[in-house]
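The entries follow in the order in which I made them.

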Amino acid sequence: HFSKFMEDKPFPLQLVEWILRGVARVILANNPVSGALVLGALVMASPWQALLGTVGLLASTLTAIIIGQDSAEIAGGLHGFNGMLVALLMGVFSSAGDWYWWLLIPACLGGATCTFLFSGLGPLLDRWDLPVAVFPFNMVIVLFLSCTGVDHPYFPHYPATPPGAPEGLNHTQLHVPQLLQGVVLGVGQIYACGALWPSVLILGGVLIFSPLMCVHALLGSGVGTLVGLSMAVRHGALYSGLLGFNGALGCMAVGGLFFTFNWKTHLFAIASAFLSAYTDIALSNLLGTVGLPACSLGATLIATLMLLLTAQHLSAYRIPIGRVGS
Amino acid sequence: HFSKFMEDKPFPLQLVEWILRGVARVILANNPVSGALVLGALVMASPWQALLGTVGLLASTLTAIIIGQDSAEIAGGLHGFNGMLVALLMGVFSSAGDWYWWLLIPACLGGATCTFLFSGLGPLLDRWDLPVAVFPFNMVIVLFLSCTGVDHPYFPHYPATPPGAPEGLNHTQLHVPQLLQGVVLGVGQIYACGALWPSVLILGGVLIFSPLMCVHALLGSGVGTLVGLSMAVRHGALYSGLLGFNGALGCMAVGGLFFTFNWKTHLFAIASAFLSAYTDIALSNLLGTVGLPACSLGATLIATLMLLLTAQHLSAYRIPIGRVGS
Amino acid sequence: HFSKFMEDKPFPLQLVEWILRGVARVILANNPVSGALVLGALVMASPWQALLGTVGLLASTLTAIIIGQDSAEIAGGLHGFNGMLVALLMGVFSSAGDWYWWLLIPACLGGATCTFLFSGLGPLLDRWDLPVAVFPFNMVIVLFLSCTGVDHPYFPHYPATPPGAPEGLNHTQLHVPQLLQGVVLGVGQIYACGALWPSVLILGGVLIFSPLMCVHALLGSGVGTLVGLSMAVRHGALYSGLLGFNGALGCMAVGGLFFTFNWKTHLFAIASAFLSAYTDIALSNLLGTVGLPACSLGATLIATLMLLLTAQHLSAYRIPIGRVGS
């Protein structure tokens, strides 16, 4: 087994494995090869974003080592993915342009803060056998954006645009090929990446880990796009995949990760995708009134809800958190 | 006993009983006759609203059956009342007018979502022996209103008016008979119903279940009106009963449902009415800044707080949730 | 021992001791002499504020006695400090000027509400051996300010100014002596007191209880000021100490109260001060959009997070809540 094989390797090599696992954890995978594929996709899309993400991930993982977190958790990449997401989103929202080196400071601090939150939320959620998931990321990015504000002298950023915002006069006809492309981009948007081929590569990373989750990722992204149509959101939000990624995450979590697969859990996965996408639109509109994004809060809340459900047709198939993704 | 008697009846008849129980649960009663009275009152006030509420209740209850919730809970109407409230509030806030049939779609989806939330919040709150109460309703209606927004092309709605908003120039003298009518309307507003005779009929429904709760409902609504006066809210909010219903719910929960009655719990019930009404005004003003209503969140939070209280003069009289209302 | 000695004294004398302990609890001390020093400092700064604070504290403590809270908790001053803070902040935000006697009514009601919240949050947080801390104060003051609003006819108040708000044209050079004074004022701001000598006296009160906590208070306030500089906040907020007090509280809680002292917990205390100050700025900006203050929510959340941390280098030194500050 791979993790057995890595045990007596030197520290830098081990760290590389932990980091690649951390990269893969963002799409709920636990596999260094998937992580390497995703990292390649990010470099292809934007080397600066890939650098930022890696710095956030490193800061987060090293903080976990320094403050003395459980080493098995660190080796599984559990203390990295939140930090990576925070750094990626900082880069996306920054209005200072690429290669604005000062941004590495908040990326490091944000990554380190994620580790504190991950460590602290653990005992809270553990009472119900719930995973910490990406709650730390969602909290830290909202706090960072609140802390700095749109016109900040050091770290300016764009305000988040809620999907329900009006588009101006040119409310054009719906363009179906772009809509379908948006479904694929929805998977890339999990890493805040809006380019087509990197998104396909990321999808490949999911495929390597689990073909089932790959199908659910596309399915969930499609559901999210449908939900967006039903709520008459901006076409731009549909084409960019921003409405798909919450659906994709919500669908993958139920359909391929936390529950054993059968047709019942498959139907619940579709329900989870619908709920995630609607919750995302609602939270985006709500937080958008103060210029903040909802990130992946919708999918995280709904996946947590699904894990708490007492309904027999779902709870009977739940996999205990300790045995998930191993 | 009635529920014994229903056991071997055909499914449609049982479903009718569950639905009537669900209707009654909104005012903390567990009695199909009370439910029938309330449903009659709603039809009298507005057939469209009664239809919407019934559809929401049905959607919620059927979802619970389909996903495999505990059948005793379903038979007790526990999976219906949140869905009913969501559908009723959707109707009240909709600016598309009565008999806008498309509204049945979100009413069904909202009702179904309530069941998911009820099922998921159960294990969370169960740790402290707390009821889920109307938390799902309050969450779903806020998410629905955030999701659609005021000028939505499919589901437009009115923005919520906070009670602290200024009334314009004609700040008239207080009209006492209208104020007293507002106290009775406060009980009707639990079902989002602002007409006098239906409100009296709803009060009758409470009386059949428990005269003690009926007294506390009026008492709490009166306290809520007093609180409104002390905070100088719009007179319109006082006359319509919108300030009374949180007080009424908070008072009924402590005074007649979750605690055995004596003069100590009676005083706590009055304190609960005061706290519920103040919390409602605060939350209404706060959520009103983004055009959202506070619904019954104030009373729900305060009733939950009262159940958590360690104070000996109250906690000694608490009835375990499993034996409440049976 | 002092509390032994007080046991057979008459009730008014005991009440005085409880109240002085309650005053000291605000700065995490449990010592009537510290409390007396602080009360003296408050009288020196503003007799009206000292009166308001005492009324809030009394209302809170007497409510706890009346509703039957645990007498050991009451004797330890645990049911007073939240009420005192609520009353002090009501006075600071009130725009009706000093000696506006009507303000005593909300001060009493707010104090009483704090006792209800303290009693209700206890069992919730107890599951993780967490203290209730100043959560009730933070909730009640936000609810009070939401309830009344800026132009309220009876209780008008100033809107909160977020630290990130622009200062107008005269963006002057930083004045270092004022900045250093702001570090000392940061300790006074824990009691909403912005005068120099009373702040020094309050610092003396901390020194009597624990020299270690006194050092951490100044250190944390200094960290908070640094954080403010790094985020380019208004100079006025730096000079007044408003940016220091969250850092001070976060630093004291970790460095001298909830953990045994050593160099590891000292480093965590500094990290806690940084996180508290950043969280405070973020929450202040966020709540500032609706005119509300963040009070000490930042430090309270971060101190709670630190207590939850599973990191071995910190959790190994945690003191159980039952034995803290005795």
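**Cavity**

I classed the lining of the largest cavity and found six nonpolar, two polar and no charged residues; Ala, Val, Leu, Ile, Met, Phe, Trp, Tyr, Cys and Pro count as nonpolar, Asp, Glu, Lys and Arg as charged, and the others, Gly among them, as polar. The model is predicted, so I note that local features need pLDDT of at least 70 and side-chain atom pairs pLDDT 80 or more, while totals for chains, interfaces and linings use all residues. Side-chain values use heavy atoms without hydrogens or water, residues are numbered from 1 along each chain as its sequence is written, and chains are lettered from A and ligands numbered from 1 in the order written.

I found one cavity of 30 Å³ or more (a set of points on a 1 Å grid over the protein atoms alone where a 1.4 Å probe fits but cannot get out). I read its lining (residues with an atom within 4 Å of a point) as M90(B), F93(B), S94(B), F144(B), L145(B), F155(B), P156(B) and H157(B).

**Interface**

I counted 24 residues of chain B in contact with 25 of chain A (heavy atoms within 4.5 Å). The buried area is about 2,100 Å², 71% of it from carbon and sulfur atoms (accessible area, 1.4 Å probe, lost on being put together, summed over both parts). In chain B, F116(B), R127(B) and C147(B) lose the most area to chain A, together 26% of what that side buries.

I looked for salt bridges across this interface and the rule finds zero (a side-chain nitrogen of Lys or Arg within 4 Å of a carboxyl oxygen of Asp or Glu).

Note on methods: Buried area is the accessible area (1.4 Å probe) that two parts lose on being put together, summed over both. On a 1 Å grid over the protein atoms alone, a cavity is a set of points where a 1.4 Å probe fits but cannot get out, and a pocket is an open set with protein on both sides within 12 Å along at least five of seven lines; lining residues have an atom within 4 Å of a point. Grid points are joined across faces, edges and corners, and a volume is the space filled by probe spheres set on the points.
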